[in-house]
Amino acid sequence: ADPFMLQKDKTWYMFFEVLNKKTNQGDIGYATSPDGLHWTYRKIILDEPFHLSYPSVFEWEGSYYMTPEAADSNSVRLYKAESFPEGWRLVTTLIKGVDYEDPSIVRYGDFWWLFVTPQYDHDTLHLYYSKDLTGPWLEHPQSPVIRFNGHHARGAGRIIIHNGLPIRYAQDDIPVYGNQVHAFQITEMTPTSYKEIESTENPVVQHGSKGWNVTRMHQVDAHEVSSGEWLACVDGYGTYTELSLKD
């Protein structure tokens, strides 16, 4: 579940949650591809004493970072690749004492922005900002920026910058968790103000009629590979063939 990908040196890397059935806990694994279409599973690269998912991975100033969901640790944690793609270490805890899920981070303007949803409150979206990636992080004065809306609150993938403005993806948790994905264009985001508008093309991701995504879909990570051409990874829930992996 929760795929995030990036390209480095002509190779695509995809990171995702792998459910360990022995521990019933999520670990972070990865796969590689020469073209973004044909993938080879590699191994688990991050395993903590608590559940991990939503491995939001990104590059900044020549280094690679990840903010996976670690709600069971009551924190939002920042990892750095000392040896990409397999050698990750904890750099710092961005936010402590909160059980936030699906931390979605983006650099926009002169600030870093972090969207999070409480573990048991999926109709609420909180927003934090910081001048520096490692903090200190401050909660936005308008936060929560979404209240009492299970259709639009919870994060559903990487926040992208398109035509100069951020696009935020949200999973629709009504009537069931991860039902489909909506997109929102953020029209104003400063340390004192926040505004967004819903895409007229919503939902941008929804389940199919049979097979691997027949029940629901709740994640999208989109990359513009050339002008007007996009490559995206998504996840889904439905009928599937169980795989046995060595790692």
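Guide: With burial. Buried means under 20% relative accessible area, exposed over 50%, and partly exposed in between, using a 1.4 Å probe and protein chains only. Strands are DSSP E runs of at least two residues, helices are H or I runs of at least four, and both are numbered from the N terminus.

Visitor: What are the ground rules for the model?

Guide: The model is predicted: local features need pLDDT of at least 70, side-chain atom pairs count only at pLDDT 80 or more, and totals for chains, interfaces and linings use all residues. Residues are numbered from 1 along each chain as its sequence is written, and side-chain values use heavy atoms, with hydrogens and water left out.

Visitor: Why is asparagine 213 called buried?

Guide: Its relative accessible area is 10%; the limit is under 20%, so asparagine 213 is buried. Asparagine 213 sits in the loop between strand S17 (205–206) and strand S18 (216–226). Contact means heavy atoms within 4.5 Å. Setting aside neighbours within four places in sequence, asparagine 213 contacts Gln206, His207, Gly208, Gly236 and Tyr237.

Visitor: What makes glycine 238 count as buried?

Guide: A relative accessibility of 17%, which is under 20%, so the label holds. Glycine 238 follows strand S19 (229–237). Its C-alpha atom is 5.0 Å from that of threonine 215, 23 residues apart along the chain. Residues up to four places away aside, glycine 238 touches Gly211, Trp212, Val214 and Thr215.

Visitor: How do you know that S18 and S19 pair?

Guide: Pairing requires that DSSP finds at least two bridges between two strands. S18 and S19 are joined by 8 and run antiparallel, so they pair. Arginine 216 has tyrosine 237 in S19 as its bridge partner. In this hairpin, with 2 residues between the strands, glycine 228 takes a positive phi near 80°.

Visitor: Why are S5 and S8 called edge strands?

Guide: The open sheet has 4 strands in the order S5-S6-S7-S8, with antiparallel pairing. Strand S5 (53–60) and strand S8 (87–96) each have a single partner strand, so one side of each lacks a neighbour in the sheet. Between S5 and strand S6 (residues 63–69) there are 6 bridges. Serine 56 stands opposite threonine 67 in S6.

Visitor: What makes a set of residues a nonpolar core?

Guide: The members are buried Ala, Val, Leu, Ile, Met, Phe, Trp, Tyr and Cys residues, joined through side-chain atoms within 4.5 Å. The largest such core has 19 residues; Phe15, Ile45, Leu46, Met66, Phe84 and Trp88 have the most contacts inside it. Another core, of 15 residues, lies apart from it and includes Phe58, Val98, Tyr100 and Leu114.

Visitor: Why are asparagine 24 and phenylalanine 148 called exposed?

Guide: Asparagine 24 has 61% relative accessibility, over the 50% limit, so it is exposed. Phenylalanine 148 has 72%, so it is exposed too. Asparagine 24 has a positive phi of about 55° although it is not a glycine. Phenylalanine 148 has a positive phi near 55°.
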